[in-house]
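These are my notebook entries on a single structure. I set down what I looked up, one topic at a time.

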Amino acid sequence: MSDLLSPLLTTIETVRDRIKLARSGQGWNEAQTRASLIDPILTVLGWDTEDPALVLHEYRTPDGQADYALLHSEGKLAAIIEAKALDHKLDIKEINQTTHYANNRGAKFAVLSDGDHWILFDVFKPVVIEEKQLMDIVLSRDEPQASALSLLALWRPNARSGAWRKAEKPRVEPNSIQPPPPPPKSNWVPFDSLTATGEPPPALMRFEDGHEWRPQYWWSVLQGTIDWLYRRKSLTEAHMPFMNKVGGRPLIHLQTAAATLLKPKPVPGTPLMFQGHMSAATVFRVTKRLLTTCGHTPSKVLVRPGK
């Protein structure tokens, strides 16, 4: 379960940034909402939206077509999901539509979402509709960890077990935030003490909050740094493109603008791509500049030199 929380939190942060992007422009229709906001959440929870053994789209019911049908491993219905465009009001009409779709096909659970607001219902619970709710969260408003813990109600193993239950919001004690771990005592050097000329990439990187990244190549040094900065919200979509001061070509950009990059490489779990065609010395220089630009000191990133 703990292995799921980290990618889930990262995905929630990505979705929150995309919601801001949509609201700063003309907004999004239902198709864009599904692709950019709903599909990533479902996927990280184990529902690969491209796998028809797990997820069916435009699923027919006697009352119309549901946007998603989530399937048990044996092909039986686990849940119906009805999607609406971002900021579409989720009122009783939409709630009744969603629960009727689920009821008509024998799905015990129904989900209604506009990509930001997520509501989960236990369809066959013999109570009034308000008491059928197992989850009611707004990603752009609620604390990300609380949202993540609530969304675990949609985790695919819960559907297989039939044990979906109302998620409890976490209690956060005033002094519960843990300080960064102390730096390691030996075999580590500051990142900016490297030269990158004729050196192999670091065997291990340790960022200032204790997060560790194991690069295999020099380009993955930059990949790991982007990943860490994005998780900390030090690097966001609003910073894009991150430009090459000399050549005028972007070094980091959104996936939708990957064609502007030279041999673009993805940063998994983020909406970002970066230029993959760089020498070790260039990667080293760009990584230091990126850390500094995002408010972090390169010397506070420790590395275990490669062999």
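Is K233 buried, exposed or partly exposed? I noted first that the model is a predicted one. K233 has a relative accessible area of 44%, so it counts as partly exposed, since buried means under 20% and exposed over 50%.

Entry 1: I located K233 in the loop between helix 6 and strand 10 (242-243). Its phi is near 65°, which is positive although K233 is not a glycine. P241 lies in the loop between helix 6 and strand 10 too. I looked up the peptide bond from M240 to P241 and found it cis, with omega near -5°.

**Entry 2: K263.** I found another positive phi at K263, about 50°, and K263 is not a glycine either. K263 sits in the loop between strand 11 (250-254) and strand 12. Its relative accessibility is 58%, so K263 counts as exposed.

**Entry 3: V267.** Is V267 buried or exposed? At 1% relative accessibility, V267 is buried. I placed V267 in the loop between strand 12 (264-266) and strand 13 (272-275). Leaving aside residues up to four places away in sequence, V267 touches Q223, I226, D227, L272 and F274. I also looked up the C-alpha atoms of V267 and Y230: they are 9.7 Å apart, and the two residues are separated by 37 residues along the chain.

**Entry 4: helix 6 and helix 7.** Two packed helices are described by the angle between their axes and the distance between the axes. Helix 6 (residues 218-231) packs with helix 7 (residues 280-293) at an angle of about 15°, and the axes are 8 Å apart. Helix 6 is therefore roughly parallel to helix 7, as angles under 35 degrees count as such. The crossing of helix 6 with helix 7 is left-handed. From helix 6, the residues in contact include W218, L222, I226 and L229; from helix 7, they include V283, F284, T287 and L291. I recorded the residues of this contact as 13 nonpolar, 2 polar and no charged.

**Entry 5: strand 2.** How many bridges pair strand 1 with strand 2? Strand 1 (residues 55-61) and strand 2 are paired over 6 bridges in the antiparallel sense. They form a hairpin with 2 residues between them, and T61 has G64 in strand 2 as its bridge partner. Strand 2 also runs antiparallel to strand 3 (residues 77-83), joined by 4 bridges; here L71 stands opposite L77. Of the 8 residues of strand 2 (residues 64-71), 6 are buried, so the strand is largely enclosed by the rest of the structure.

Conventions: Residues are numbered from 1 along each chain as its sequence is written. This is a predicted model: local features need pLDDT of at least 70, side-chain atom pairs count only at pLDDT 80 or more; totals for chains, interfaces and linings use all residues. Side-chain values use heavy atoms; hydrogens and water are left out. Axes are lines fitted to C-alpha atoms, for helices over the stretch in contact, and angles run from 0 to 180 degrees between N-to-C directions. Angles under 35 degrees count as roughly parallel, over 145 as roughly antiparallel, 65 to 115 as roughly perpendicular and the rest as oblique. A crossing is left-handed if the near helix is turned anticlockwise from the far one by less than a right angle, and right-handed if clockwise. Contact means heavy atoms within 4.5 Å. Ala, Val, Leu, Ile, Met, Phe, Trp, Tyr, Cys and Pro count as nonpolar, Asp, Glu, Lys and Arg as charged, and the others, Gly among them, as polar. Buried means under 20% relative accessible area, exposed over 50%, partly exposed in between (1.4 Å probe, protein chains only). Two strands pair if DSSP finds at least two bridges between them.
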